[in-house]
Amino acid sequence: MLHKIIIYSSALLTFINCTSQKQRRTDGEQLNTVNTKDITPMSNTREQLIYFKEGENRFLKDYQMNITFKGISEDSRCPKGVNCMWAGTAVAQIEIMGTHSRPMTVNISTVDNKSRNYSRMAEFNGYTIVLEDVAPYPESSQGTKALSGKYTIGIRIQKSGENATTK
């Protein structure tokens, strides 16, 4: 009898959670999304960038994957108007999940630097995801703390092995 109560209550909680997520999406502010029908598959020579705001989650039907831009874990890029010894890098955390796979969080960077474990690309389910753009660029007056929550990234997705550069 007790196990039936537990099963029914977990099913009820799951249903409530699904319903609240649907309501949050429709009641919340509109997300600036790219229509994935307008994005051509990445095998073309002219590849397009897909932009994500910090915290944005989107299912890309053409690639059968869900991508969430979790945030920027490191931004050591040299601010505008400052002379630096090293240009720096920005590291974006993205969570990727395929239709038949578990979620995987990867860090992709604006530069390739194996000694610091930075890579501009990540492999997932036969696709290569490359970080192409991180905005806004830090300014010397504000620093990177003021940019928290305001970041936007541009990624390029292509089939692995098709015009892909290797790590």
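Analyst: A term to start with: a salt bridge is a side-chain nitrogen of Lys or Arg within 4 Å of a carboxyl oxygen of Asp or Glu. This is a predicted model, so local features need pLDDT of at least 70 and side-chain atom pairs pLDDT 80 or more, while totals for chains, interfaces and linings use all residues. Residues are numbered from 1 along each chain as its sequence is written, and side-chain values use heavy atoms, without hydrogens and water.
User: How many salt bridges does a search of the whole structure find?
Analyst: It finds 5. One of them joins the side chains of Lys70 and Glu95, at 3.8 Å from N to O. Lys70 lies in strand β3 and Glu95 in strand β4, so the pair ties together parts 25 residues apart in sequence. Strands are DSSP runs (E, at least two residues), numbered from the N terminus.
User: Which residue forms a salt bridge with Asp75?
Analyst: Arg77, with the closest N and O atoms 2.8 Å apart. Both Asp75 and Arg77 are buried.
User: And what does Glu132 meet?
Analyst: The side chain of Glu132 meets that of Arg120 in a salt bridge of 3.1 Å, N to O. Glu132 is in strand β7 and Arg120 in the loop between β5 and β6, so this pair ties together parts 12 residues apart in sequence. Glu132 is partly exposed at 33%, and Arg120 is partly exposed at 24%. A network of salt bridges links Arg120, Glu132 and Arg156.
User: Switching to strands. What is the order in the open sheet of 4 strands?
Analyst: The order is β2-β3-β4-β5, with antiparallel pairing. Its edge strands, β2 (57–60) and β5 (104–109), each pair on one side only. Neighbouring strands are turned by 30° against each other on average, direction ignored. For that angle, axes are lines fitted to C-alpha atoms, for helices over the stretch in contact, and angles run from 0 to 180 degrees between N-to-C directions.
User: How many bridges join β3 to β4?
Analyst: 9 bridges join β3 (residues 65–75) to β4 (residues 90–98). Two strands pair if DSSP finds at least two bridges between them. Across this pairing, Thr68 stands opposite Glu95.
User: What about Val106, buried or exposed?
Analyst: Buried, at 11% relative accessibility. Val106 lies in strand β5. Leaving out residues up to four places away in sequence, Val106 touches Ala92, Gln93, Ile94, Ile96 and Ala122. Contact here means heavy atoms within 4.5 Å.
User: And where does Thr89 lie?
Analyst: In the loop between β3 and β4. Thr89 is buried, at 0% relative accessibility. A polar contact of 2.5 Å joins the side chains of Thr89 and Ser109. A polar contact is a pair of N or O atoms within 3.5 Å; within protein, one must be able to donate a hydrogen and the other to accept it, and residues adjacent in sequence count only if both atoms are side-chain atoms.

Note on methods:
Buried means under 20% relative accessible area, exposed over 50%, partly exposed in between (1.4 Å probe, protein chains only).
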